[in-house]
Amino acid sequence: MKLYTAAINTTAIEEPLKQHQMRVSKLCEEIAKALNMPYSNLLELLLAAQLHDVGKLWIPQQILNKPESLNKEEMEIMKKHVFFGFEYVKSKKMNSSIAEAVLYHHERFDGQGYMGLKNEEIPLFSRIISVADAFDVMTNDRPYRKALGFEEALEEIKKNSGKQFDPEIADIFIKLRVYKINK
């Protein structure tokens with residue numbers, strides 16, 4: 001999939017996207033530390049976390065900022081952000097593990113994600129980003145809904161452990177109170 005070559009008006013989405021990516025990166029760092037991830041892998045994970053939504057720069061703002069649920073056609077366009085991000089990371093000649101983390105961060109542990117990978121077929125970086133990303137999305141205002149409280153978001157992580165989320169990653173996130181760094 002080729003990236004659009006037209007100029008992108010990024011001013012309206014750059015700062016919120018940057019803040020989201022930094023929060024997700026901090027959460028991923030704490031999960032990685034709990035997993036005793038080697039330092040070189042940790043650095044790659046942090047870069048992948050900071051770039052996981054870069055493909056949204058190629059999604060029309062009227063879809064990104066829509067104040068209600070997306071329709072089926074809009075959702076299909078939104079799903080393309082993972083492909084745009086993957087292509088962007090590849091074009092910068094970054095490590096393939098970073099590109100794959102960006103591509104697969106919306107996969108679900110039960111196989112019901114964008115591309116149908118499941119369990120350990122999903123790269124570890126993507127499984128970590130998935131939990132951190134979901135928590136950050138839930139606990140921050142979105143155009144289509146107000147933020148949930150930490151406890152509500154944690155209940156969603158627990159409820160979806162083994163379904164949407166890798167149960168080991170979800171368990172680390174909850175038991176080690178990783179989410180507390182985003183206060």
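A pocket is an open set of grid points with protein on both sides within 12 Å along at least five of seven lines, and its lining residues have an atom within 4 Å of a point. Keep that in mind for the views below, which come from a predicted model.

**View 1. Here's the largest pocket, lined by 42 residues.** Zoom in on the centre and you'll meet Lys56, His106, Val137, Arg142 and Tyr144, the lining residues that lie nearest to it. The space in this pocket comes to about 1200 Å³.

View 2. Helix 1 gives the most, with 7 residues.

**View 3. Next up is the largest nonpolar core, a set of 49 residues.** Look for Cys28, Leu45, Ile128, Ile129, Phe135, Ile157 and Phe173, which have the most contacts inside this core. Among the elements that give it two or more residues are helix 1 (11-34), helix 2 (39-51) and helix 9 (167-175). Helix 7 supplies the largest share, 8 residues. In soluble globular proteins, nonpolar side chains tend to be buried together.

**View 4. Last stop: the largest cavity, with a volume of about 40 Å³.** A search of the whole structure turns up 1 cavity of 30 Å³ or more. Residues lining the largest cavity include Glu107, Arg108, Phe109, Ser130 and Gln164. By class, its lining has 4 nonpolar, 2 polar and 4 charged residues.

Terms used:
Residues numbered from 1 in each chain as written. Predicted model: local features only at pLDDT ≥ 70, side-chain atom pairs only at ≥ 80, totals over all residues. Heavy atoms only, no water. Core = buried A, V, L, I, M, F, W, Y, C linked by side-chain atoms within 4.5 Å. Buried < 20%, exposed > 50% of the residue type's maximum accessible area, 1.4 Å probe, protein only. Helix = DSSP H or I, 4+ residues; strand = E, 2+ residues; numbered from the N terminus. 1 Å grid on protein atoms, 1.4 Å probe; cavity = no way out; pocket = protein on both sides within 12 Å on 5 of 7 lines; lining within 4 Å. Points joined across faces, edges and corners; volume = space filled by probe spheres on them. Nonpolar A, V, L, I, M, F, W, Y, C, P; charged D, E, K, R; others polar.
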